[in-house]
Amino acid sequence: MKIAPSEYFARQAALNEVGPEGVARLQAARVTIVGVGGVGCAIAVYLAKAGVGTLRLIDQDIVEPTNLQRLHGISETQLYLPKAEAVREAIVGLHPWVKAEAVVETLRQANAEELLAETDIVFDGLDNFRTRYVLNRYCSTAELPYLFTSSVALQGHVGLFTPPETPCLECALPGVQDGPENACELLGASSSTVGVVGAIAAEEASKFLLGLRSRVQGSILTIDMMGPDFLLTRVTRRDNCPVCRGEVTKMPDEGVAVMLCGARTANVLPKRTLLVDLKAVAQYASETVLASSDSVLVYRLGSHIVSLFQTGRVIVDGVRDQSEALQIAEKVWKQAERASSPRLAGLTRGLDLLLLNSPPP
Ligand SMILES: [Zn+2]
């Protein structure tokens, strides 16, 4: 880049609350965003512009046509590619000084420690409480600052939880069930509302990283763009909150197949992590491929759109329930195996195929 960072960040450094030392502090900060949909993508953009040096972007999903309306810097050319990779590309393209890492994965209790390692603050840009609780519980135990956000229709929420100093998310919102009645497919999503939520969340994180006081710490800010109204609610610790009492040891069963936010779409995890040679499968399914990258192959299978990830994880749309999703995933795994089979090597000669194995232990 031709512009010197000192020039790029001149106005940021001129802020009383930041100064040149603050810019340096932000440049040294490492931030993880779990879920880079509308809100998470806006957070990433504002953090990059604020000079945050290292961003880890975790998302299990692909860019769908209905997502484009609220993803900053993402175009049709990135349709069906993993959201984490598309957002990473957009962020680094405009802010080359940011070190950004894309993690195309489902956050679970089993991988939380690995995925959330070496980070100063974690953002929740998720669309479901099942994963939020995994995040809340991990952050609470690890004493990792957790910035909760959500947005649906013209409303949004932002809260910063830093137990044991503050209560946790589940003190305020325990036992929330995800259901289609709360999903953006039904209620809608506004690009400016997710932008406002992302901008406030990014500013709160910057303040926290700079050691400035925030009224959102230990509270939930509700934003209603219809007024607009801004309501700050102090969260009090629930005496019987199992997370704050350190009693939660195991998360509820995550299941092999889980229906995603509102849509007739499911995320299906393989029983063990695989290492699928996506190029081999792409060859096999070449006529119906919609998009491919190193980490995912997206193709049509009958009336469904299937995303097969390198780890063997499958997202399938147009399904009624988990069991239908699982049936389709079994079919996809069988196809992947067949595509990598030595018997069919003649079809795929010259490519580096034949690899549907577990990674080495
Ligand atoms: Zn709690």
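How many residues does α7 have, and what does α7 reach from its first C-alpha to its last? Helix α7 has 14 residues and reaches 19 Å between those two atoms. That is close to the 20 Å expected at 1.5 Å a residue. The expected span is 1.5 Å times one less than the number of residues in the helix.

Some ground rules come next. This is a predicted model, in which local features need pLDDT of at least 70, side-chain atom pairs count only at pLDDT 80 or more, and totals for chains, interfaces and linings use all residues. Residues are numbered from 1 along each chain as its sequence is written. Helices (H or I, at least four residues) and strands (E, at least two) are DSSP runs, numbered from the N terminus.

Now take the domains. The domain assignment gives domain 1 (5-234) and domain 2 (257-357); such bounds come from an automatic or database assignment. The C-alpha centres of the two domains lie 29 Å apart. Domain 1 brings 17 residues to the contact and domain 2 brings 15 residues. Two residues are in contact if their C-beta atoms, placed from the backbone, lie within 7 Å. On the side of domain 1 that touches domain 2, helix α9 (residues 184-187) gives the most, with three residues. That side divides into 10 nonpolar, three polar and four charged residues. Here Ala, Val, Leu, Ile, Met, Phe, Trp, Tyr, Cys and Pro count as nonpolar, Asp, Glu, Lys and Arg as charged, and the others, Gly among them, as polar.

Next comes a sheet. Eight strands form an open sheet in the order β3-β2-β1-β4-β5-β6-β7-β8, with mixed pairing. Strands pair if DSSP finds at least two bridges between them. The edges are β3 (99-103) and β8 (229-234), each of which pairs on one side only. Neighbouring strands of the sheet are turned by 15° against each other on average, direction ignored. Axes are lines fitted to C-alpha atoms, for helices over the stretch in contact, and angles run from 0 to 180 degrees between N-to-C directions.

Strand β7 (residues 219-224) pairs with β8 in the antiparallel sense over six bridges. Leu-221 stands opposite Leu-232 in β8. In the loop between β7 and β8 lies Pro-228. The peptide bond from Gly-227 to Pro-228 is cis, with omega near -5°.

Return to helix α7. This helix (residues 129-142) lies across β1 (30-34), β4 (121-124) and β5 (146-152), and runs at about 165° to β4. Of its 14 residues, 11 are buried, so α7 is largely enclosed by the rest of the structure. A residue is buried if 20 or more other C-beta atoms lie within 10 Å of its own, exposed if 12 or fewer, and partly exposed in between, with C-beta atoms placed from the backbone. Among the buried residues of α7 are Phe-129, Tyr-133, Leu-135 and Cys-139. Their cover includes β1, α6 (112-115), β4, β5 and α8 (169-172). After α7 comes Glu-143, with a positive phi near 50°.

Strand β5 holds Phe-148. Is Phe-148 buried or exposed? Phe-148 counts as buried because it has 25 C-beta neighbours inside 10 Å. Leaving aside neighbours within four places in sequence, Phe-148 is in contact with Asp-124, His-157, Gly-159, Phe-161 and Leu-169. Phe-148 and Leu-169 are 21 residues apart along the chain, and their C-alpha atoms are separated by 7.7 Å.

Most residues other than glycine have a negative phi, and most peptide bonds are trans. Ala-153, in the loop between β5 and β6, has a positive phi near 50°. Ala-153 counts as partly exposed, with 16 C-beta neighbours inside 10 Å. Tyr-80 lies in the loop between β2 (54-58) and α5 (83-94). Its phi is also positive, near 70°. Tyr-80 is buried, with 20 other C-beta atoms within 10 Å. A cis peptide bond joins Pro-163 and Pro-164, with omega about 5°. Pro-164 lies in the loop between β6 (155-161) and α8.

β12 (residues 289-292) and β13 (residues 296-301) run antiparallel, joined by three bridges. They form a hairpin with three residues between them. β13 and β14 (residues 304-309) also run antiparallel, over six bridges. Their hairpin has two residues between the strands, and Gly-302 in the turn has a positive phi of about 60°. Leu-297 in β13 stands opposite Ser-292. In β14, the bridge partner of Leu-297 is Leu-308.
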